[in-house]
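Good morning, colleagues. I would ask you to look at the structure on the screen while I go through its charged pairs and its sheets.

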Amino acid sequence: MAGKAGKQSRPRKAEKDEEEQPLQAVLVADSFNRRFFPISKDQPRALLPLANVSMIDYTLEFLTSTGVQETFVFCCWMSSKIKEHLQKSKWCRPTSPNVVHVITSDLYRSLGDVLRDVDAKALVRSDFLLVYGDVVSNIDVSQALQEHKQRRKMEKNVSVMTMIFKESPPGHKTRCEDDDIIVAMDGKSKRILHYQRAQALKKLHFPMNIFHSGSDEFEIRFDLLDCHISICSPQVAELFTDNFDYQTKNDFVRGLLVNEEILGNQIHMHVTRDGYGARVSNLLMYDTVSSDMIRRWIYPITPEANFADQEGQSCTHSRHNVYREPGVSLGHGSQMEENVLIGRNTVIGANCTISNTVIGANCVIGDNVTLDRAYIWNRVHIANDVKVKQSVICDNVEVKHGVVLNEQCVLAYNVVVGPDITLQEGTVLSMHHPDEEDDEDEDEFLSDDDVGYSKDKTKQKVFNPAEVGSEGKGYRWKSSSLDDTEEDELAECIWGLALNPDPESDSESEVSEGSHDLGSHPASPELDDVKVFQNEVHGTLQRGLDENISCDNLVLEINSLKYAYNISLKEVMQILIRVVLEFPFQQQGAQISTAQYSSHLLPLLKKWAPVFKNYVKRPQDQMDCLASMEEVFLERETHWAALVKVLMSVYQLEILEEEGIMRWFKQSSTTAKSQQLRRNQGLLKFIQWLEEAEESSEGDE
Amino acid sequence: MELQAVLMAAGGGSRMMDLTYNTPKPLLPVGNRPLIWYPLNLLERVGFEEVIVITTKEVQKALSTDQRLKTDVKMRLDVVCIQEEADMGTADALRHIQQKIKTDILVVSCDLITDVALHEVVDLFRAHNATLSMLMSKVHEFTETVPGQKGKKKAGEQRDFVGVDVTGKRLLFMANEADLEEGLVLRKSIMRKHPRMLIKTGLLDAHLYCLKRSVVDFLVHNNTSKDEALLQLARERSCWNDHRGDMSEAYHGGKLRCYVHIMEEGMCYRVNTLAAYIEANRVVPKLFEDPPIHPSAVVSERSLVGSDSIIGPSCQISDKTSIKRSNVGTSSIIKEKVKITNSIIMNGVTIEEGCNIQGSVICNNAMIGRGADMKYCLVGSGQRIEPEGENAAVQRSAGYTTRTRTHTLHFCSSAVFVLNPAFCVCVYVCTLTPMSAFSFV
């Protein structure tokens, strides 16, 4: 024991050093996707305003308040803008408790690239927080951090990551359909055993091996929202380097869980009940997070707190969550019903009704305007008699008289709409033409601040007045054009996936499906081996025909099938005959005429003659063969005429001998139908011909 | 009458054949009472006045003759006999008595020994208007060495996966590991309704169910479902029923609801294996206030009977015997200088002088010859362990020769002597303890 204690004291010292190190964070200020196109064509996602504050400021505020002292901001898309923004912000002031380093590179294409760079530059010294630049949160991660460190101390380097989740059961507003995850975890150790996105699945499948971890209590949770905040050990960066195919965090988590036994790395989770944490991953989430912000769910981060410490942003908070920045003027008879935030120097006309809305700075809004769930950014001009429902209107947009925006419209930067036009639900308008080439965009962005320039440019292309109104400027983006650019995330569009409107109805259908399962399961006859074998033989022959496989190989394959399904030799032959005789029906459909049938069949017989010869050797085989032929033809009365041709053919191919055929013919047939078959005109002739041939051959001798 | 009680006492005890081949399971003595007494007592304690007992002819006869049962059990027993060979499952048995069932039922298995507060299960049933409510408890780890069992418990035993909702009451999922080879599959709609599901594995189904009458009717109409139809029903149905809506209708409008009461503490045994049988025998005496030594037993003053042992009626315990942590059944005769520790002696057993019996189970009417030394042995009903000579054959057949000094038999370690129809005497000699190793070559 004494020795042990001595040993422990030394690492403890080392650990102490580790604990004393400042908490670091890696902030990824790029989404690496085009979900916010066309908005993010002009402004990176991290700088988009949410309740009049750039999203990255929320993330940095969260990091700072949770005790992070050093943050590395990685940017790629429009990195100069982000850099500029940060330099102006309070984070870069000398008094900031959180030192922000901006690292830019055009080469980052995914989270994986960023973390590989973290590893290559050896930026992190101990456990760090990994967040995206669009996370809004007030979670205090210190408890999770404590747990994480504890785990790392207990078992060195086993737990590499602690993911932070927020409770958000299905039906909750922040539960976004494309983050619809299901997590299986160990009930006691909070270890993640299974992590899956469930959006398109009807049934959730958990492999058995996750239950072999020695625990007797597991929890499957479908009520969690990934806050996209994770506490990572430096190993995470190393793992990304080792596994260069990991692109996203999803890849990483799944890869780690699948290879848990090999690599021995574990991921744990921390669920917060009270904290708020969400990633603005699409406009639906933007809508949700904005309204939560105004409803003060993210306290102490509230609009009037002015945490970003920007001049002129201090607003007043009054009843019904109405926030006003200085210089707001409200016309006579205008009502701000509830949950409204209005930016500085915005002028609102008379008789407007505004609810659940955020309006940026320096906007001008006319008379008789109705705004509900509208997100209006800066310097927007809205004329009289405009109606807006659940839409996003970006900077410098002009909405002319009498325009109606239905749900989920997006007017990107500098668009002009109207007058007197109604935009359909989900309309997306942008000054960028949807078909613009990517490199062309980039040139454009450099001089993007100049509105006049883009006006010049847009003159070259013609706006469709039916889309944007007679004086309108802008192009309509179709969701389909978005789809083309997204390879992995086809279904994802700017507003996020449509929430399942009625989960109940879908479960109803499943119930009926379930009961159907119940009913049909015992009833559905299981394919017996013979049937399966027949299908397999058919498949083999088909393939043989398609790929021109030699008969020897076909025989080999059929023989191996015979063993696989334990089929007797006699059955093999019967099935083979049946398959071959029915082959033309399978290929051409059951309706083909007799002539077509035989013209199809005869070449096949010729082709596969060696296969038959392999199975038809003894006289008894010949009888069996004929019996099964008879059986097949008895089922297809209309094709009796073909029987003669088949018999003729197999006789000529020397598969069957005349004695066998004669014996079969003379066999006392049991059923009336087979007697009828034997009285077939053609057959009689054939038999007669056979007899004559025999006699003549005998005569020759 | 709100609930009718149904006691299932027709099971053969297939997992402890050594004990049950000629004593039906319901009549196996546990703490000197037949096993069936325990569920009957459980029902009587909560005030049932009548119980339907489904059992075999043999048990019925015993029920009507056993004086002790008659005096102990005041309830009216409505005994329904079924054929022994019929191999009926719970569902079949319920179908059999469908005419008798007028209300919802409480089904109890005869091998259940528990001190559960039964109202917990019934309350769940009532409170949620449940289709089925059942009792589960933590699986016991049996620590005692079991006669005839090689080494420790067989590894890789199949676990039951039980899924409950966040309150731990609503049964959402139930399956055995064996049925889950390709992994656990859940419908998303269940997860949507119960976003948090706890999956527990270390649970024992106590086979105590409250069932709606409609379930019995369902069983009658669904003749196809066979043995474990009940459980299957629970599994299939519970999967698409639901609870706890945000705003929607209570139970999401689902009609079928299964609940489970999980005992966190207290005793719950299912006596369906030898290990459970031994364990139950050790624990059960602590439950009664009965005197450990039955008044009608004759115990010599010069013998030593530990307070942790019980002696059944009309036993004879002779001088210089020592009995510790053991149960001795009715009318057994223990002769002089016998040492019994950790053992179960059933009824009518005779143990001759000088025997040393440790950790063993000796079934009804067995006779242990003079000077036998047994450790972890199981002696079947009516077996005679002869003092000398004859048993040499037994040992030879097992491939061992014994060095016997002073004509004493050393049956060391775990031997099982059972008269089975299939083979007359079988001896399994399993792990050799270091102490006993010398006696075998």
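Does Arg578(A) count as buried or exposed? At 16% relative accessibility, Arg578(A) counts as buried, where buried stands for under 20% relative accessible area, exposed for over 50%, and partly exposed for what lies in between, with a 1.4 Å probe and protein chains only.

Before I continue, some conventions. This is a predicted model, in which local features need pLDDT of at least 70 and side-chain atom pairs count only at pLDDT 80 or more, while totals for chains, interfaces and linings use all residues. Residues are numbered from 1 along each chain as its sequence is written, chains are lettered from A and ligands numbered from 1 in the order in which they are written, and side-chain values use heavy atoms, with hydrogens and water left out.

I return to Arg578(A). Its side chain meets that of Glu631(A) in a salt bridge, at 3.5 Å from N to O; the term requires a side-chain nitrogen of Lys or Arg within 4 Å of a carboxyl oxygen of Asp or Glu. Arg578(A) lies in helix H17 (residues 569-588) of chain A and Glu631(A) in helix H20 (residues 619-635) of chain A, so the pair ties together parts that are 53 residues apart in sequence. Helices (H or I, at least four residues) and strands (E, at least two) are DSSP runs, numbered from the N terminus. Glu631(A) is partly exposed, at 42% relative accessibility.

The count over all chains comes to 33 salt bridges. Another of them joins the side chains of Arg221(A) and Glu167(A), at 3.1 Å from N to O. Since Arg221(A) belongs to strand S12 (residues 217-221) of chain A and Glu167(A) to strand S8 (residues 159-167) of chain A, the pair ties together parts 54 residues apart in sequence. Arg221(A) is buried at 3% relative accessibility, whereas Glu167(A) is partly exposed at 22%. Both belong to a network of salt bridges that also links Glu219(A), Asp223(A), Arg273(A) and Arg196(B).

In chain B, Asp78(B) forms a salt bridge with Lys100(B), with the closest N and O atoms 3.0 Å apart. Asp78(B) sits in strand S5 (residues 76-81) of chain B and Lys100(B) in the loop between helix H5 (90-96) and strand S6 (104-109) of chain B, 22 residues apart. Asp78(B) is buried, at 16% relative accessible area, and Lys100(B) is partly exposed, at 31%.

Strand S5 of chain B brings me to the sheets. Seven strands of chain B form an open sheet in the order S5-S4-S1-S6-S13-S8-S14, with mixed pairing; two strands pair if DSSP finds at least two bridges between them. The edge strands are S5 and strand S14 (258-263) of chain B, each pairing on one side only. Within this sheet, strand S1 (residues 3-9) of chain B and S6(B) pair in the parallel sense over six bridges, and Met8(B) has Ser109(B) in S6(B) as its bridge partner.

Chain A holds 24 helices and 34 strands, and 53% of its 701 residues count as buried. Six of its strands form an open, parallel sheet in the order S18-S21-S24-S26-S28-S31. Strand S18 (329-330) and strand S31 (416-417) of chain A each have a single partner strand, so one side of each is left without a neighbour in the sheet. Strand S24 (residues 364-365) and strand S26 (residues 381-382) of chain A pair over two bridges, with Val364(A) opposite His381(A).
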